[in-house]
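Here is a protein model to explore. Keep the sequence and the structure side by side as you read.

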Amino acid sequence: MKDFYNQSIEDSSESLNTKINHGLSNAEVQARLEKYGPNELKGKEKKSFWIVFLQQFKSFMIIVLIIAAIISGVVGVMEGEGLLETFIILGILIVNAFIGAYQELKAESSLEALKKLAAPESKVIREGQTIQIASSQIVPGDIVILDTGADETLTPMAIRLEKLGKVLGIGALVICIIIFIVGISYGNSIMSVFMLAVSLAVAAIPEGLPAVSTVALAIGVQRLVKKNAIIRKLPSVETLGSATVICSDKTGTLTQNKMTVVDAYINHTLDVIDRENPASQLNQQETGLLMASILCGDAEMSQNAEGQITFTGDPTETALLDFGVLYHIKKNELEKTYPRVDEIPFDSERKRMSTINKWADNQFQVNVKGGVDEVLSVCDKIMLHGEIKPLSEEDIEKIVAANEKMALSALRVLAVAYKPLDKIPSNISVELVEDHLIFLGLLGMIDPARPEAMAAVAQCITAGIKPVMITGDHKITALAIAQKIGIHREGDLAITGNELEKLSEEYLQQNVQNYSVYARVAPEHKVRIVKAWQYNGHIVAMTGDGVNDAPALKQADIGAAMGIVGTDVAKGAADMVLTDDNFATIVAAVKEGRRINDNIMKAIQFLLSTNIGEIFLLLITSIFNLGVPLLSIHILWVNLVTDSLPALALSMDPAEDNIMKRKPNNSADGFLTKGMIWRIVYQGIMIGSIPLVAFLIGLRDGGLALGQTMAFATLCFAQLTQVTNIHSHTRSTFTHNPLKNKTLILAILVSFLLAFLVLIVPQIREIFKLEALNLEQWKLVILLSLVPIAVVEIIKLLGLNSTKAEKTGH
Ligand code: ATP
């Protein structure tokens with residue numbers, strides 16, 4: 001069994017003893033499964049730490065740094081300065097690669113855990129049928145159907161960040177050349193000018209950024225599992241945060257899917273069921289209605305020794321069984337007397353179900369239940385007061401009116417019909433069985449809204465997200481619930497699947513915003529609805545459970561499959577699986593997505609403002625020929641070591657209070673919004689000015705090395721106070737409870753310690769070419785390091801830290 005790639009399809013299938021269009025037989029699959037074992041790797045090969053470590057050096061930014069280190073080594077040797085600086089740069093890159101590899105492996109192991117939650121499945125042809133199986137059950141000779149997969153490791157954000165890194169890298173090269181020319185024209189030595197240029201290249205590159213976004217998303221994925229949402233693709237977390245529309249099923253997602261029969265309509269009379277005191281005796285027609293509705297269903301009941309009854313099955317059907325028990329009609333007993341001989345199962349396109357039960361010798365009965373219009377359309381007679389009469393227009397009008405009355409109270413209404421047969425048709429078909437039926441009556445059942453749905457819908461609306469209901473249920477029922485829970489608001493429209501089919505593509509695209517309720521829809525309508533929203537630039541989340549929902553789940557930006565009632569096909573097509581089938585979980589997931597996106601933004605702002613600050617510092621000192629304020633090893637230490645820990649810890653920040661009170665981010669804006677650019681620039685200049693002042697004071701008091709020491713110390717510590725400004729663009733840092741992000745406190749402490757060690761341990765200080773600071777100098781360093789808090793607090797107070805949109809949320 002080798003070289004299949006060299007063989008024709010026919011030869012391959014012959015040598016594997018299989019048929020291309022038919023696949024293997026089930027018996028053969030069993031035999032092969034026993035012979036070859038399951039299709040699983042024994043202990044999946046995990047990427048070793050060292051491989052991941054080495055991969056850290058693949059990044060464009062790091063390559064630039066390595067080249068810079070090598071060139072500085074060559075120049076250093078030529079100028080008799082030695083290789084120390086080169087080794088330190090390489091050493092710092094190694095420390096950075098360690099941190100990067102550790103974070104990446106941590107993120108990977110959390111994703112690995114998720115994959116186990118959603119085991120991989122494959123489509124195969126067996127016994128002529130295409131079926132979905134667990135991939136572990138594939139055997140040699142199986143015909144596997146391959147789809148194009150998308151299984152992304154880089155998130156869109158990480159790709160954008162990598163691009164930004166390249167742009168900054170190229171920008172840095174240009175500035176380097178400028179600095180080089182300026183330095184030479186001042187008559188400085190080639191070595192000192194070159195080292196300044198290398199420092200600048202190092203300063204301009206935001207080394208930690210791509211890792212930050214991946215780690216933040218992976219942490220978000222873990223948190224979402226606890227909130228009942230399993231994310232199947234990492235970038236979906238990011239997409240969730242930008243969702244603008246949530247299209248949700250009704251039954252079970254917005255409602256509890258706990259049905260109870262509360263109304264019955266027989267003989268053109270609508271009765272409210274008194275469940276406390278049910279009628280002790282039913283007339284023949286009432287009994288007939290109940291029997292037909294119970295026999296026509298797959299739900300089961302069981303009774304234990306104490307007489308306690310439990311139901312299993314579809315809630316619509318268990319409601320009917322429960323209703324029967326109220327009148328001492330029990331399905332388990334009924335089915336013994338009237339056994340089922342055939343059936344046409346329910347499907348959500350036809351919206352009906354039929355069974356054929358044996359009534360007596362050579363006597364059978366077709367029992368049908370389903371949507372009112374759908375059942376009425378196949379009835380031509382009606383049972384009235386024990387007599388069978390032709391179904392007149394007047395009858396239909398009365399039935400439709402009763403249906404509407406019940407639906408207005410948000411009831412799901414089922415119509416029940418029957419017809420006697422003297423023999424079972426040899427060819428069971430819908431046309432034959434579901435025709436010429438006798439209408440018996442209607443049953444109205446209540447399915448209460450989920451208590452949390454109303455609050456979740458309200459949250460969507462304040463968050464600028466449009467909630468939309470898409471249901472197979474009747475329009476009036478759907479509308480009543482949609483109004484109750486706030487999905488359908490004044491001015492909104494409701495539409496049925498039939499009406500939708502008549503709308504042109506253009507019309508739907510232009511008016512899709514107006515519809516908040518789609519009733520009596522079939523799964524294929526969902527794709528049209530998603531596409532129409534997407535045409536208008538919206539980011540759409542869509543729920544689904546059935547096999548037919550898969551295309552809509554794939555088309556949606558966030559396909560959300562039901563974890564409990566959902567089919568494997570739906571789950572396989574989805575980006576997210578809701579383990580509690582709950583609408584509120586989608587909203588909670590959107591909130592988490594927004595929190596993560598916010599936190600990635602915070603980290604970007606933090607890291608980029610440092611880069612801008614460093615560039616500012618180096619440009620000013622070179623233009624005015626003030627000397628080199630920071631060596632490249634200082635900048636690398638700040639960028640790669642002391643800065644990266646707080647940046648990563650920002651991903652643990654709690655959500656801002658207004659997170660679901662502001663409009664979704666416009667994904668087309670990217671992450672460099674106006675507010676963001678403003679903060680990066682002004683805070684960058686602030687961060688750069690602090691070491692500039694410190695450098696000038698040190699230069700004046702003790703020369704270049706002291707100046708560099710003061711600049712290095714203030715840059716390290718000012719960054720650590722700056723990170724506390726980032727929690728909120730609008731609120732004062734002092735209103736933020738620091739204990740809400742304990743990881744950040746820890747990160748600040750560790751970073752502080754790392755910077756402190758470099759400054760106070762003489763041996764390390766020597767390597768970094770720093771000088772010892774005296775008490776007065778320390779005081780000054782501390783004072784200058786507090787400047788970011790003072791400046792940003794004042795700017796926040798003046799309302800200048802954020803744009804109007806960020807303040808109002810709109
Ligand atoms: P959702 O709101 O999640 O889309 P739904 O339960 O309203 O789901 P379907 O399950 O497709 O949608 O049901 C559509 C209609 O079919 C119901 O309104 C009802 O009239 C009818 N129906 C539902 N379940 C049954 C059933 N078991 N037997 C017969 N008819 C049914």
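Begin with Lys779, which is partly exposed at a relative accessible area of 48%. Partly exposed is the range between buried, under 20% relative accessible area, and exposed, over 50% (1.4 Å probe, protein chains only). Lys779 forms a salt bridge with Glu776, and their closest N and O atoms are 3.5 Å apart. A salt bridge here is a side-chain nitrogen of Lys or Arg within 4 Å of a carboxyl oxygen of Asp or Glu. Glu776 counts as exposed, at 54% relative accessibility. Both residues lie in helix H30 (residues 775-785), three residues apart, about one turn of the helix. Helices (H or I, at least four residues) and strands (E, at least two) are DSSP runs, numbered from the N terminus.

A word on the model. It is predicted: local features need pLDDT of at least 70, side-chain atom pairs count only at pLDDT 80 or more, and totals for chains, interfaces and linings use all residues. Residues are numbered from 1 along each chain as its sequence is written, and side-chain values use heavy atoms, leaving out hydrogens and water.

Now look at Lys526 and Asp549. They form a salt bridge too, with the closest N and O atoms 3.3 Å apart. Lys526 lies in helix H20 (residues 523-535), and Asp549 lies in the loop between strand S20 (540-544) and helix H21 (550-555), so the pair ties together parts that are 23 residues apart in sequence. Lys526 is buried, at 5% relative accessibility. Asp549 is buried as well, at 4%.

Arg350 and Asp347 make another such pair, at 3.0 Å from N to O. Arg350 is buried, with a relative accessible area of 14%. Asp347 is partly exposed, at 29%. Salt bridges can also join up: Arg223, Lys227, Glu592 and Arg595 are linked in a network. How many salt bridges does a search of the whole structure find? The count is 29.

Next, turn to helix packing. Two packed helices are described by the angle between their axes and the distance between the axes. Helix H23 (residues 583-623) and helix H24 (residues 632-642) pack at an angle of about 170°, with axes 11 Å apart. Axes are lines fitted to C-alpha atoms, for helices over the stretch in contact, and angles run from 0 to 180 degrees between N-to-C directions. H23 and H24 are therefore roughly antiparallel, a label for angles over 145 degrees. H23 makes the contact (heavy atoms within 4.5 Å) through Thr610, Asn611, Glu614 and Leu618, and H24 through Ile635, Val638 and Asn639.

Technical notes
Angles under 35 degrees count as roughly parallel, over 145 as roughly antiparallel, 65 to 115 as roughly perpendicular and the rest as oblique.
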